[in-house]
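Trainee: I am new to this structure and would like to know what stands behind the words used for it. Please take me through them one by one.

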Amino acid sequence: MRGFLKKGICLTMAAGLAAIPLAGCQSGTDSVSDTQGGSSEAASGTNTSTGTEAGVMGRYLEEDAALPEGTAMILDICRQTDGSVNMAISNEAGSREIWSSKDVGKTWEKVSDFPADILNDDVAYLYHMALSPDGAIGAVKYSEDGSFQPLYADKDGNVKVFDQLFGGAEANAQANLSDVSFTEDGKLLAMGSKGVFLIDTEKGTVAQEFAKGTSPITIGTAGNVLLVVTTDEVQLYDITTGKLMDKDKVLDEQIVGKDSPGQLEGSSSTKSVLFQKGKEGESVYYCNSNGFYSHTIGGSIAEQIMNGELNSLGSPSTGLVSMASMDDDSFLVACMDGSEYKLLRYVYSKDTPAVPSNEIKAYTLRDNPEIRQAIALFQKKYPDTCVTLEVGLSGDDAVNTSDALRTLNTNILAGKGPDLLLLDGMPIQSYIEKGILTDLGSVLEPISSEEGFIENIKNTYESDGKIYAVPSRFQIPAIQSTKETVDAAVDLKSLADQAEKMKNEKSYMRVLSQMSMVDLALEPLYNVSSPAWEKEDGTLDKDALTEFVTQFKRLYDLEDHSQDQVDTYVEEDIKNSTASSFLSVSMGSMGRMDDSMGISIGNIMSMNDLAMVVSSIKQINGETYGLLNGQSKNVYVPGTVIGISSKSTAPEQAGKFASFLLSKESQIVNQGGGFPVNKAAFDTVINDKPAKGLGSLSSGSSQTGEMVSLDIEWPTDEEINTFKGFVESLDKGPLSDNVIKETVFEQVKRCVKDNVSVEDAVNTILQKVNLYISER
């Protein structure tokens, strides 16, 4: 897989900004200091705001810029010495080209193909790449001897490959180069697992070596200063002398410390932080998901020039690629939005309030990438509105679900609660009965008439002809196995019967692969059984709960668990997100193909999941899939359930945001949370067949040792229609209250792993749940 270093030139942005206290909806002109009460060091440049805090005007707004025709991948952008901007791309045919724009990315003209020497077979496999302001190109090429070698092409297309830079193939391989960059005066830098190297492109030698023995994550320059980001600090070096400079506490805290976004590693094609030289001296601009900052090396403060929460920078789907500043004080950021490359232009608007005039307070129990993505899109469309997201369970403290809900309820009753609630994991029915949620009719009607909904999903939380909560996404619990097994597994007991029969016939087989981790098996079976437990008064039915624990223990006891290993990463991923890929039914499709697993259960979360399931079925004799039945039937798993507080102080704005969340515009963008409830978006998703194939997978058979391969193909029209029929039959969701769910999981695990009796486990569940219900 190819990856490319993204390097731009200097960023001309705002300055002279007074510090404003940090808040959820801030303008992006805050001072971040390593000392209390430190004096502000304003970045030099254009004054971008006027007036006092209450009436501050002026901030950068985001807009989409054009891309060169046929762009499949952005490799780098770089402002040139004449004020234009160059972009290196890979087109749809895989060819690499240089394009130029003289109007800040509005239109593009092709400059050239890459030099022929770069395109020949010997050096065609390029990894990281950077453009220089004078037209030169730097790259890392993969050699047939297994080493990575820096490559340099001057502005006239003359190519040099430095294959002897470290003394030959073995030494080159050990250097493990992973990035290239240019200093502002056009010198080539290469980064690897052994440090950073300044290359003399005339002699083909290493002129200077920095950060020896480290494994840098990324690098940048500010004048004569090299910035090297490691996992725990930002190292500064004098480029001329190679000497390590004094630590910069502000950069450490902002980029790798307590004020950092938390994710340092990018991907093969993106970076988590970008650097550029500031306008004067040793000042630097840096950009991450928190926003844009200006800082003078060695200074005690950093100015947040732009708040990432108010634009796409803060979106979980955005990966940074490269940036370039322009003479008109705008700047360009190349990025990946999911799998799509984009070029964003940030233009300063002096007539736009520095702080959005409207604020919407949203609340979610656990962080939710779907909502963060939607917030970024919403704020881009409505720059006068800011959405502040409060997360009840951050994981950084000892607060549990019960504590978080208790605090939320207290704030709502006191009139200090959120405007919009993401109700996943909350006692939705209780909130409806207590009048905490307002009718969503005025939000739903316009969308129903224009785009439509999956009506059976939309109406799940209907009460007395009114709808108080709507899942914006949903997943479908499914089972894949032999047709005989799927047809016979009509409820939880018959599923256990079929598993027992299969284990007797093929003792070597793990009947449910999910049973290697209790939570993996509990999750789908809880989803399709818990609707049968709740009585009219909200308490749980003892007989139904006893049946669930009994049958689950029966399934668990079919396997030998002596070799089971606890994977804390998987456990946390499942706990924090119902969209965890580990819960997908397709995770077991390869196990069905190589005969190592008898029954695969889980959720169909996407068309890729469906494609993998139906593709594997075609290669297995007598195989099929269907809806997973437990103690209930026709169950779906809701995601990002939307409700508006009846005590909201901004009901119109909350309704506007809810409408956006349920619109095709928002729902067409998927962060893995499931299928959209918006009918127009759903129809688009299930018919969005990719131009290229979906790839293939291979697995070794545990019985024969032979490799089993699966070519994943898009579902046929007939298969899509069958799937739509399943969707239309769904009519209920699982118990939504996570306090109840966590209590059940805790006691079931004690029963199957610690030899607690079924009766004792059930009695403990009832005792704890009844107490909770009486207090909520």
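Mentor: Strand 20 and strand 21 form a hairpin with 5 residues between them, and glycine 281 in the turn has a positive phi of about 50 degrees. This is a predicted model, in which local features need pLDDT of at least 70 and side-chain atom pairs count only at pLDDT 80 or more, while totals for chains, interfaces and linings use all residues. Residues are numbered from 1 along each chain as its sequence is written, and side-chain values use heavy atoms, with hydrogens and water left out.

Trainee: What makes strand 20 and strand 21 a pair?

Mentor: Two strands pair if DSSP finds at least two bridges between them. Strand 20 (residues 274-277) and strand 21 (residues 283-288) are joined by 4 bridges and run antiparallel, so they meet the definition. Glutamine 276, for one, has tyrosine 285 in strand 21 as its bridge partner. Strands themselves are DSSP runs of E with at least two residues, and helices are runs of H or I with at least four, numbered from the N terminus.

Trainee: Which residues cover the two sides of strand 20?

Mentor: Leu274 and Gln276 lie on one side, Phe275 and Lys277 on the other, and all are buried. Buried means under 20% relative accessible area, exposed over 50%, and partly exposed in between (1.4 Å probe, protein chains only).

Trainee: Why is cysteine 287 called buried?

Mentor: Cysteine 287 has 0% relative accessibility, so it counts as buried. Cysteine 335 is also buried, with a relative accessible area of 2%.

Trainee: Why is strand 7 described as largely enclosed?

Mentor: In strand 7 (residues 96-101), 6 of the 6 residues are buried, so the rest of the structure largely encloses it. Arg96, Ile98 and Ser100 point one way, and Glu97, Trp99 and Ser101 the other way. Strand 7 is joined antiparallel to strand 6 (residues 85-91) by 6 bridges, and to strand 8 (residues 109-113), also antiparallel, by 4. Valine 85 stands opposite serine 101, while serine 100 has glutamate 109 in strand 8 as its bridge partner.

Trainee: What makes helix 11 largely enclosed?

Mentor: Of the 10 residues of helix 11 (residues 518-527), 10 are buried, so helix 11 is largely enclosed by the rest of the structure.

Trainee: How do you know that the buried residues of helix 19 line one face?

Mentor: The buried residues of helix 19 are Glu719, Ile720, Phe723 and Val727. Seen down the axis, they fall within an arc of 100 degrees, so they line one face of the helix. The arc is that of the directions from the helix axis to the C-beta atoms. On the other side, Asp717, Glu718 and Glu728 are exposed.
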